[in-house]
Amino acid sequence: MRGNAAGWTDMITATDTPGARPSPPLWLLAELTYRCPLHCAFCYNPVDFAKHGTELDTGTWCDVITQARRMGAAQIGFSGGEPLVRDDLETLVAHARGLGFYTNLITSGVGLNETRISGLKDAGLDHIQLSFQDSTREVNDFVSSTKTFELKQRVARLIKAHGYPMVLNCVLHRYNLPHVGQIIEMALDMGADYLELANTQYYGWAMLNREQLMPTSEQLQEAEATVNRYRERLGDRCRILFVVPDYFETRPKACMNGWGSVFLGIAPDGTALPCHAARSLPGLELPNVHDASLRDIWYDSHAFNAFRGDGWMREPCRSCDERDTDHGGCRCQAYLLTGDAAAADPVCAKSEHHGQIGQVVTLARRPVRESEAKPLIFRSRDNSLLLG
Ligand code: SF4
Ligand code: SF4
């Protein structure tokens with residue numbers, strides 16, 4: 001799939017209307033670290049994460065946060081890897097909160113104990129999103145290659161005890177889709193106010209394991225029917241979001257609500273990202289906060305202007321009346337599946353490459369003999385150094 005990047009970096013222009021100023025970023029995602037005690041086979045972090053440079057220090061993160069707030073960003077997510085492995089997390093949260101950011105911690109829960117949560121509460125943390133892997137110990141521990149099943153329950157109780165809304169996230173794939181009903185029950189037992197059931201998006205490690213993780217359409221239909229039954233029963237008691245995998249759609253998602261539109265990600269080494277997976281795009285010179293101000297990065301860098309607006313689009317997107325809705329889909333997915341980052345996202349039925357998606361979905365229905373089954377590749381430093 002890699003290969004022809006088709007010279008798209010030369011073709012692209014900045015915004016649609018020359019001189020038009022883009023809106024400022026609204027959402028800053030601070031990926032504090034690629035370190036993580038878990039080894040999820042569906043992790044969206046780059047496969048070569050172990051090869052990326054030193055993490056930003058506390059002072060530099062505070063400066064980045066200040067710059068983003070001055071530009072108008074209102075919400076900050078602290079993620080990773082596992083952000084709790086940074087012992088300055090409380091300092092960073094307090095800094096962001098002091099500037100008026102709405103602060104959100106996205107965590108596996110590993111490392112969240114009474115001391116840390118009290119410190120985070122004192123720092124003004126607004127919101128915690130806790131991920132879990134399954135309703136069974138077997139699948140939870142298998143897909144994360146760790147023994148963390150009981151820990152999630154303990155952490156959930158801690159979060160609740162400190163007065164936070166219980167916001168849970170579970171990534172779905174063929175191993176746990178048949179358990180959706182039990183996953184919802186487990187979330188309710190954990191006191192969930194909000195449950196996000198997000199089918200795997202195929203980037204990073206998930207792309208490596210796509211064949212093994214891809215569900216069948218029957219699994220998806222059954223899971224969605226189960227979710228709908230629970231929604232009716234639960235009403236407002238717990239809101240459940242079910243995110244269908246792109247591959248089963250005929251129109252792509254409006255990735256990042258448009259490139260360089262609202263989302264600004266900063267990787268652990270200070271690389272600025274217009275999309276979580278932008279590191280996968282060859283030829284895109286991603287700027288770094290060590291070398292440029294956030295303002296210059298957002299408004300003037302080549303990378304952030306590369307796919308802004310619709311000036312970069314080719315057919316069929318260029319003349320499509322849906323281009324303001326989905327912005328041509330995801331640039332990283334377009335590249336991963338077609339080798340051309342300026343192509344229409346092949347999830348779209350109008351794309352000449354849409355047949356590829358159909359093949360992957362059809363392959364998922366094929367019964368696989370145990371002797372033929374490919375093993376999952378887990379996210380680990382060793383695998384990253386080997387495969388990245
Ligand atoms: S998906 Fe799993 S391995 Fe990746 S950062 Fe999250 S918890 Fe860690
Ligand atoms: S052709 Fe392009 S703009 Fe139109 S629906 Fe498909 S991806 Fe979206």
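Which residues are around ligand 1? In this predicted model, where local features need pLDDT of at least 70, side-chain atom pairs count only at pLDDT 80 or more, and totals for chains, interfaces and linings use all residues, they are Cys36, Leu38, His39, Cys40, Cys43, Asn45, Gly80, Gly81, Glu82, Ser108 and Arg379, each with its C-beta atom, placed from the backbone, within 6 Å of the ligand. Residues are numbered from 1 along each chain as its sequence is written, while chains are lettered from A and ligands numbered from 1 in the order in which they are written.

Helices here are DSSP runs of H or I with at least four residues, and strands are runs of E with at least two, numbered from the N terminus. Helix α3 (residues 89-98) has as its buried residues Leu89, Leu92, Val93, His95 and Ala96, buried meaning that 20 or more other C-beta atoms, placed from the backbone, lie within 10 Å of a residue's own. Seen down the axis of α3, these residues line one face of the helix, because they fall within an arc of 160°, taken over the directions from the helix axis to the C-beta atoms. After α3 comes Gly100, whose phi is positive, near 100°.

Methods
A residue is buried if 20 or more other C-beta atoms lie within 10 Å of its own, exposed if 12 or fewer, and partly exposed in between; C-beta atoms are placed from the backbone.
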